[in-house]
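Have the sequence and the 3D view open side by side.

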Amino acid sequence: MAERSYDEMHRRSVEDPEGFWGQEAEKLHWYKRWDKVLDDSRSPFFRWFPGGETNLCYNAVDRHALGPRGDRPAILWESPETGRRSVLTFRELLSQVNRFAAVLKRRGVGKGDRVIVYLPMVPEALVAVLACARIGAIHSVVFAGFSFESLADRINDCTPKALVCADGSTRKGKVISLKKIVDRALDAAQAKVPHVIVLDRKVDPWTPVPGRDHTWDEEMAAVGEAVVEPERMKSSDPSYILYTSGTTAKPKGVVRDTGGYMVALHASMDHIYGCTKDDVYWSTSDIGWVVGHSYIIYGPLLYGIPTLVFEGTPDSPNPGIWWEVIERSRVSVVFSAPTAMRMLRKFPLDFVHGKDLSSLRHVFLAGEPLDEPTYHWVKETLKKPVVDHYWQTESGWPMITNHMGFAPLPFKPGSPTREAMGWSLDVVDEKGNPVPAGTRGFLAGHPPLPPGTLQTIWGSDERYLESYWSFFKRQGKDLYLCGDYAIKDEDGYFWLLGRADEVINVAGHRMGTREVEEVISAHPQVAEVSAIGVDDEVKGQEIAAFVVLKKGVEESEALKKEIVALIRDRIGPIATPKILNIVPQLPKTRSGKVMRRVLRALCEEKALGDLSTIEDGSSVEEIKKALEEMGQTGK
């Protein structure tokens, strides 16, 4: 693979997208070949492989189950929460998917109907999703931790014919009552859901609603060893709806197609992740997020290799559990988040040392900008290449990355490298004009967007245009708005500076939260940091920084002064934080993202909003107490 040149391949993917992606599509199964590779006649509504007919489930499951890989593992399940592990081969997975597809059809679900999946990290979650793809139903996976209000919003928007949930799950031993959340959501929602199928794990007692609620086991028993022929799907048919997170307004349901998504993901397993047919792939995400859709469910299975499904947290029952799992399952490629690595960085290296990580070849990180100290910690601790890469719910797969299936480009710690295949990106000003190398601007994409990217917003083409294309269209430019600030250096490498709406404006000086966090993270005694902008009557905004120290490091005024001196030296006095708090932990979602809006609300003494996805509620009280002791708020 190493003889392939990134520059040559990327140039072809942009200049000859029909030739490049047509060649990739030939590697998969199609019931009917496409009429053309790309239809951009209704730009920016791009259609890949129009006229083609295929099925995602057939390509991810049947294609392997019915061939020589049928008895190879497809799903490796590790559940420290329950103390259980299991393996499903491709042949066994096909049987389970067939049966659940029959369950859905028995309950009146067909092509084009929506099904909400609200399950924890269990093999049945993948079975449910793949069964939807098999019969042409549009799945909408909702993170099993979202509140009943969030779930009700999604029910109202996509009007599902069925909802699949569990009675409950546990998080570090704490029970999460999923079925009770579902009941509250269905009571609150205007849309009515005819059927609820409950995976009864005997975690949390529940009362069935007659005529509506059915148990997974009873439904599966009723259909027996059913066989359901895969639905022939048009390439442009929707495969799923995934709602982007938001604190206000109606959630945006990103719509993914079938054929383009399939081709892009299959290609990425080779080009980007450098996988071979003997690998084991582990994405540490949750299936409720885009990473889980693409690289827990579809990517590895389309490629025909085992996907590891993990139910638990990085530090429970001990901070070495991830390394134990890698050793036990001989994981080859790990895809995780910088936040998770910063969490593990707090603990002594004893939890890593002694583990056999010889199977591990690459560590990929995404979800937020990767700071240089964390990059070096992972690289030096694991002695493996660390690949930062950038993408979005909307893109469906990486947009900026180093391609480990080619001869890798030189690494620059802090940069996710250059564009992925098919992406033509630039850094521009507010009018859509390219800015000089080394200058901050908006990250923007040139059409056509490559296969696998969002088709539209569910139920609202207008919202799709307004959200992603109108910003530059008003300036007469045809550019996709990524929503992030970035810098492009003289070598064409991109440096992400965080969301464009997370820019702090201190007395007219604009700086990204990433810039402040990067400097503080460089202090050798700092494990994690989150910086936000808070309202200030004089300067408009001021900086508030919350710092978590490494294990065993004591808080002191001298240490705080060192951090402030570092900021003043690296950025300038204008970036001196108004609030600098050392706290035991940061408020995070269960997927590991820092809840900056919670920090901002605490500083400004505003309503905290929905905390249903928070990992540990005590973090809020700890920060509130620290602010009170300092007598500091944003007011």
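Start at E81, which has 18% relative accessibility and therefore counts as buried (under 20% relative accessible area; exposed is over 50%, partly exposed in between, with a 1.4 Å probe and protein chains only). This is a predicted model, in which local features need pLDDT of at least 70, side-chain atom pairs count only at pLDDT 80 or more, and totals for chains, interfaces and linings use all residues. Residues are numbered from 1 along each chain as its sequence is written, and side-chain values use heavy atoms, with hydrogens and water left out.

E81 sits in the loop between β4 (73-79) and β5 (84-89). Strands (E, at least two residues) and helices (H or I, at least four) are DSSP runs, numbered from the N terminus. Leaving aside residues up to four places away in sequence, E81 touches T170, R171, K172, G173, E311 and G312; contact means heavy atoms within 4.5 Å. K174 is 93 residues from E81 along the chain, yet their C-alpha atoms are separated by 9.6 Å.

T417 is another loop residue, placed between β21 (400-401) and β22 (418-419). Its relative accessibility is 1%, so T417 counts as buried. Beyond residues up to four places away in sequence, its contacts are I400, T401, N402, L409, G492, Y493 and F494.

Now the sheet. Four strands form an open sheet, ordered β23-β24-β26-β27, with antiparallel pairing (two strands pair if DSSP finds at least two bridges between them). β23 (425-428) and β27 (494-499) are at the edges with a single partner strand each, so one side of each lacks a neighbour in the sheet. The twist averages 45 degrees from one strand to the next. Five bridges join β24 (residues 440-445) to β26 (residues 480-488). G441 has A486 as its bridge partner in β26. Helix α16 (residues 513-521) packs on the sheet and touches β24 and β27.

Finally, look at two helices. α9 (residues 259-271) and α10 (residues 290-303) pack at about 80 degrees, with axes 9 Å apart. Axes are lines fitted to C-alpha atoms, for helices over the stretch in contact, and angles run from 0 to 180 degrees between N-to-C directions. α9 and α10 are therefore roughly perpendicular (65 to 115 degrees; under 35 is roughly parallel, over 145 roughly antiparallel, the rest oblique).
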